[in-house]
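This briefing is meant to be read alongside the sequence and the coordinates.

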Amino acid sequence: MKGGSLAGPALDRERLAERTRSVLHRGGPGNPDVLLVETDSGPVVVKDFAPRGRWVRRWWGPWSLRREAKAYERLSEMAAVPRLLGHLDEAALILEYRPGTFLSRSLADRLPDDFLAELEKSIDEMHRRGVVHLDLRHRSNILADRDGRPILLDFASALCFDVSTRSGRWLVGWLGRLDHRALRKWRIRLARVQASSGTGSSEGSRGARRPM
Ligand SMILES: Nc1ncnc2c1ncn2[C@@H]1O[C@H](COP(=O)(O)OP(=O)(O)O)[C@@H](O)[C@H]1O
Ligand SMILES: [Mg+2]
């Protein structure tokens, strides 16, 4: 799928450098650079393999981005997942920018009480749509937005299944356990911090949605 097949922002390779506002994540030899880019319709995120070596740029990157785009398309109706806006070319895809903060222990006492319940709902919804993420243990793949709602990112390791078939549903159930295991990890980590900082659910202000 090339640029223009989705109703994305007007952006091309020539203008990418001048429009790049910051590097959100500098990729290693086999990973994309993740850029925050200004367009006429607002800021977007570009995942770009073009600066990588020839093999990665020509083969691994496009293959990986096609798989990732497929997962983003499947999840396009989900509030917790950024929209896929298009492809710059075969080495780069364009995503809706969803600012947020990495899920971490230091964030624990600023999250609303229902954050983990919302995260679980999002994981279940993703599974109902036939997508397993498989990399939710990584703290950089879950953000909390400014209202404390979860954002799921990075579907490079995700797998998509046809949930209209029995085998597809079985595989989602089986592999989906890894996503639930990651959720359990976050539950334990965040609970430990909340317990040790004494911010239990008895505290009146917790549970309210407030800007992060
Ligand atoms: N749509 C987005 N909105 C806001 N930040 C994003 C978005 N996509 C990626 N990022 C930021 O870039 C980082 C790397 O992106 P990610 O998709 O995880 O790339 P990688 O596959 O290299 O891990 C994320 O941890 C996040 O900080
Ligand atoms: Mg990532």
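The model is a predicted one, in which local features need pLDDT of at least 70 and side-chain atom pairs count only at pLDDT 80 or more, while totals for chains, interfaces and linings use all residues. Residues are numbered from 1 along each chain as its sequence is written, and chains are lettered from A and ligands numbered from 1 in the order in which they are written.

- Strand 4 (residues 84-89) runs antiparallel to strand 5, the two being joined over 4 bridges, where strands count as paired if DSSP finds at least two bridges between them.
- Strand 5 is mostly covered, since 4 of its 5 residues are buried, a residue being called buried if 20 or more other C-beta atoms lie within 10 Å of its own, exposed if 12 or fewer, and partly exposed in between, with C-beta atoms placed from the backbone.
- L93 touches K47, L65, E68, A69, L84 and H87, not counting residues up to four places away in sequence, where contact requires C-beta atoms, placed from the backbone, within 7 Å.

**Overall organisation**

- The chain has 4 helices and 10 strands, where helices (H or I, at least four residues) and strands (E, at least two) are DSSP runs numbered from the N terminus.
- Read along the sequence, these elements follow the pattern α-β-β-β-α-β-β-β-α-β-β-β-β-α.
- Of the 212 residues of the chain, 33% count as buried.
- Among contacts between residues at least 6 apart in sequence, 66% join residues at least 24 apart.

**The sheet of strands 6, 8 and 9**

- An open sheet is formed by 3 strands in the order 6-8-9, with antiparallel pairing, and its edge strands, each pairing on one side only, are strand 6 (101-102) and strand 9 (150-152).
- Strand 6 and strand 8 (residues 142-144) are paired in the antiparallel sense over 2 bridges, and T101 has A144 of strand 8 as its bridge partner.
- L143, which is found in strand 8, is buried because 21 other C-beta atoms lie within 10 Å.
- Although L143 and L103 are 40 residues apart in sequence, their C-alpha atoms are 5.4 Å apart in space.
- Leaving aside neighbours within four places in sequence, L143 is in contact with R98, G100, T101, F102, L103, I151 and L153.

- L11 belongs to the segment before helix 1 (13-19) and is buried, because 22 other C-beta atoms lie within 10 Å.
- Beyond neighbours within four places in sequence, the contacts of L11 are L16, R19, V37, T39, L88 and I94.
- R21 lies in strand 1 and is exposed, because it has 11 other C-beta atoms within 10 Å.
- R21 touches L36, V37, E38 and P43, residues up to four places away in sequence not being counted, and its C-alpha atom is 6.5 Å from that of E38, which is 17 residues away in sequence.

**Nonpolar core**

- The largest nonpolar core has 46 residues, of which V44, V46, Y72, L93, I94, L95 and L152 touch the most other members; such a core is a set of buried Ala, Val, Leu, Ile, Met, Phe, Trp, Tyr and Cys residues joined through C-beta atoms within 7 Å.
- Helix 2 (residues 54-74) supplies the largest share of this core, 5 residues.
- At least three residues of this core come from each of domain 1 (13-96) and domain 2 (101-196), with domain bounds taken from an automatic or database domain assignment.

**Surroundings of ligand 1**

- Ligand 1 is surrounded by 18 residues, the closest being L24, H25, P82, S140 and D154; a residue is included if its C-beta atom, placed from the backbone, lies within 6 Å of the molecule.
- Strand 1 (20-25) and strand 5 (92-96) each supply at least two residues of this shell, and at least three come from each of domain 1 (13-96) and domain 2 (101-196).

Notes:
Contact = placed C-beta atoms within 7 Å.
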